[in-house]
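Me: I have a structure here that I have not looked at before. Can you walk me through it?

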Amino acid sequence: MKLHFLRLALPLSLPLSASQLEGSLLHQVARELGQTARLLRWSLTAVEGDRVWVEVVATTDNGY
């Protein structure tokens, strides 16, 4: 298992219910890492213009 710390920017136009935001985060984390991941923790940290910034802690399975 590998641990990842990411800071992601998402468009503010996305629905911001917790479950919808988490789904969007999973999709973006998988795109960033090139593989599926499991979110351990996420935190909405800032809103800047038309973007929200989210800090994410996720794990990926490295096959071991």
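Me: To start, how many helices and strands are there in the protein chain?
Reply: This is a predicted model. The protein chain has one helix and three strands.

Me: In what order do the elements run from the N terminus on?
Reply: The order is β-α-β-β. The radius of gyration is 12 Å, close to the 11 Å that the globule rule gives for 64 residues, so the chain is as compact as a globular protein of that length.

Me: And what does the C-alpha trace span along its principal axes?
Reply: About 40 × 15 × 15 Å.

Me: Now the sheet. In which order do the strands sit?
Reply: The order is β1-β3-β2, in an open sheet with antiparallel pairing. β1 (2–11) and β2 (38–48) are at the edges with a single partner strand each, so one side of each has no neighbour in the sheet. From one strand to the next the twist averages 20°.

Me: How many bridges are there between β1 and β3?
Reply: β1 pairs with β3, residues 51–60, over 10 bridges. Ala9 has Trp53 as its bridge partner in β3, and His4 has Ala58.

Me: How many bridges for β2 and β3?
Reply: Nine, also in the antiparallel sense. Leu44 is opposite Val54, and Glu48 has Arg51 as its bridge partner.

Me: What sits between the strands in the hairpin of β2 and β3?
Reply: Two residues lie between them, and Gly49 in this hairpin takes a positive phi near 60°.

Me: Where does the helix lie?
Reply: Helix α1, residues 18–33, lies across β1, β2 and β3. Its direction is at about 115° to β1.

Me: Change of topic. Which residues make up the largest nonpolar core?
Reply: There are 12 residues: Leu6, Leu8, Leu10, Leu21, Leu25, Val29, Ala37, Leu39, Val52, Val54, Val56 and Ala58. β1, α1 and β3 each supply at least two residues of this core. The largest share, four residues, comes from β3.

Me: Why would residues like that group together?
Reply: In soluble globular proteins, nonpolar side chains tend to be buried together.

Me: Take Leu10 from that core. What does Leu10 touch, not counting residues up to four places away in sequence?
Reply: Leu10 touches Leu21, Leu25, Gln28, Asp50, Arg51, Val52 and Val54. Of these, Leu21, Leu25, Val52 and Val54 are also listed in the core.

Me: How many residues of β3 are buried?
Reply: Seven of its 10 residues, and the strand is mostly covered. For the protein chain, 27% of the 64 residues count as buried.

Me: What is Thr59 in contact with, leaving aside neighbours within four places in sequence?
Reply: Met1, Lys2, Leu3, His4, Ala37, Arg38 and Leu40.

Me: Over to β2, where Arg41 is found. Is Arg41 buried or exposed?
Reply: Arg41 is exposed, because its relative accessible area is 59% and the cut-off for exposed is over 50%. Beyond neighbours within four places in sequence, Arg41 is in contact with Glu55, Val56 and Val57. The C-alpha atoms of Arg41 and Val56 are 5.9 Å apart, with the two residues 15 apart in sequence.

Me: How far is Ser43 from Ala18, C-alpha to C-alpha?
Reply: They are separated by 10 Å, and they are 25 residues apart along the chain.

Me: What share of contacts in the chain join residues at least 24 apart?
Reply: 52%, among contacts between residues at least 6 apart in sequence.

How values were computed:
Residues numbered from 1 in each chain as written. Predicted model: local features only at pLDDT ≥ 70, side-chain atom pairs only at ≥ 80, totals over all residues. Heavy atoms only, no water. Pairing = 2+ DSSP bridges. Axes fitted to C-alpha atoms, helices over the stretch in contact; angles between N-to-C directions. Contact = heavy atoms within 4.5 Å. Core = buried A, V, L, I, M, F, W, Y, C linked by side-chain atoms within 4.5 Å. Buried < 20%, exposed > 50% of the residue type's maximum accessible area, 1.4 Å probe, protein only. Rg over C-alpha atoms; globule rule 2.2 N^0.38 Å.
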